[in-house]
Amino acid sequence: MKILRVSKAEPLNGEINVQGSKNAVLPMMAAALLSRETVILHNCPHISDVCDMIAILKRLGAYVRWEGNTLVINAQRINNVVISEEYTRNLRASVLFLGALICREGCVKIAYPGGCDIGKRPLDIHVSALEKLNVKIKEEGCFLIAKGHVNESQIALRYPSVGATENIILASVCVDGIVNITGVAREPEIVALCEMLNAMGADIVGAGGHVITIRGVKRLHGAEFDVPGDRIVAGTYALAAIAVGGHIRINGLKAPDLAGQYMILSQTDAKMSFRRNTWCIDAVGRPKPVSLIKTGPFPGFPTDLQSPVMATLIRARGCSKIVETVYPDRFGIVNELNAMGADIQCGNGTVLVNGVNGIKGGRITATELRGAAGLVIAGLEAEGDTYISGINYLERGYEDICRDLKALGAELEMLD
Ligand code: EPU
């Protein structure tokens, strides 16, 4: 079992290029199924979630190969529409093959998706939207069986679910007519998916706004596309610099993608600016507390940075409040942080973080991806060494956190 040893950090210093975005590339990989021609994705991160998606694509009959950080996918032949639990249990994004296979083959049998344990993650919005589009869906044991060709339709989502928005788009690209979806998710990853599909010949307008309109096209062709930089990984490193101080530059981002996090992070007293595609963070001493951070769908504060920001604020000069509205139970690291000497109270989807002078290292365990990232930040802050187990979670979304933080002057190493 791998353990990550993290030493107390001096202020961070330096410049790094951010990896490609996990939550952008996963739907793009499902989208590659919609063409019989080759799709090439550059700037693709080497993370275990991508490997799990590759395993599914291969299981369906697609050809996939890595060339450095480029992923080449050819789905000319698909010889299977059944995805068993063995392939879906690690990965929530496996559910995106529901929409993709409906578009491509008109049928799919897929086991319920797994993924990180961050609270309830139902699929009712995906299912009711696909039903509205004329897809018949039934449950059989742990499988969802879906059949049908998408009809033109108007869909109003009760909540801007990222995955449901992506599934509807994937299912509807070749509709005979128009699909109009209101109340959609507005995350940059939705915009990236639509840009990629349009580059493949789709006709989708409105991504990034509240309404998306899809005019069906007969077929999609191949395309070459750059996966955007990962705004959550960038936010994690920015928070690490705010936690222990530092002057860092993170390259490979688009300023609008940082909406929601930029203003909140600057409330810690860190000086931040954005030039071209580089985020500059300058932080001195302990952070200022933030009176209220409320997670929410984009452009709200990202839930995926809630654990990292909590870990950053444990040494703030006062009390911070965090309200988690997306996954109200996503507070798996509170006990670990308190065991290190933090003072965090938790209840009803809210945490109060009373800043303390210092915390100490020890042995702690990660139980989900972004919680693991929060624990790494705590390790940088703590006196002595911190040994983190459950590193497989970190590897789902961070290509090489040791490489990146070492480049900024931190001391950490993976122990096998
Ligand atoms: N929800 C429902 N019914 C549904 C779908 C969602 O009630 O049918 C609820 C969920 O239970 C949750 C909320 O809606 O309370 C948001 O879920 P959403 O569907 O938007 O999330 P997702 O598509 O499953 C993606 C990211 C998550 C990120 C969320 C929210 C990917 C692969 N995953 O998940 O990323 O937290 O959006 O922004 O894009 C991560 O990267 O660590 C991660 C968990």
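Reader: How many helices and strands does the protein chain have?
Author: The protein chain has 14 helices and 24 strands, read as DSSP runs (H or I of at least four residues for helices, E of at least two for strands) and numbered from the N terminus. This is a predicted model, in which local features need pLDDT of at least 70, side-chain atom pairs count only at pLDDT 80 or more, and totals for chains, interfaces and linings use all residues. Residues are numbered from 1 along each chain as its sequence is written, and side-chain values use heavy atoms, with hydrogens and water left out.

Reader: And the overall dimensions: what box do the C-alpha atoms fill?
Author: Along the principal axes, the box is roughly 60 × 45 × 40 Å.

Reader: What share of the residues is buried?
Author: Of the 416 residues, 57% count as buried, meaning under 20% relative accessible area with a 1.4 Å probe, protein chains only.

Reader: Which residues touch the most other members of the largest nonpolar core?
Author: Among its 79 residues, they are Met29, Leu41, Phe97, Ile169, Ile181 and Leu197. Such a core is a set of buried Ala, Val, Leu, Ile, Met, Phe, Trp, Tyr and Cys residues joined through side-chain atoms within 4.5 Å.

Reader: What is Leu197 in contact with?
Author: Beyond its neighbours within four places in sequence, the partners of Leu197 include Ala31, Ile169, Val173 and Leu220; contact means heavy atoms within 4.5 Å. A second, separate core of 71 residues includes Val233, Leu253, Met340 and Leu408.

Reader: Turning to sequence separation, what share of contacts joins residues at least 24 apart?
Author: The share is 72%, among contacts between residues at least 6 apart in sequence.

How values were computed. Buried < 20%, exposed > 50% of the residue type's maximum accessible area, 1.4 Å probe, protein only.
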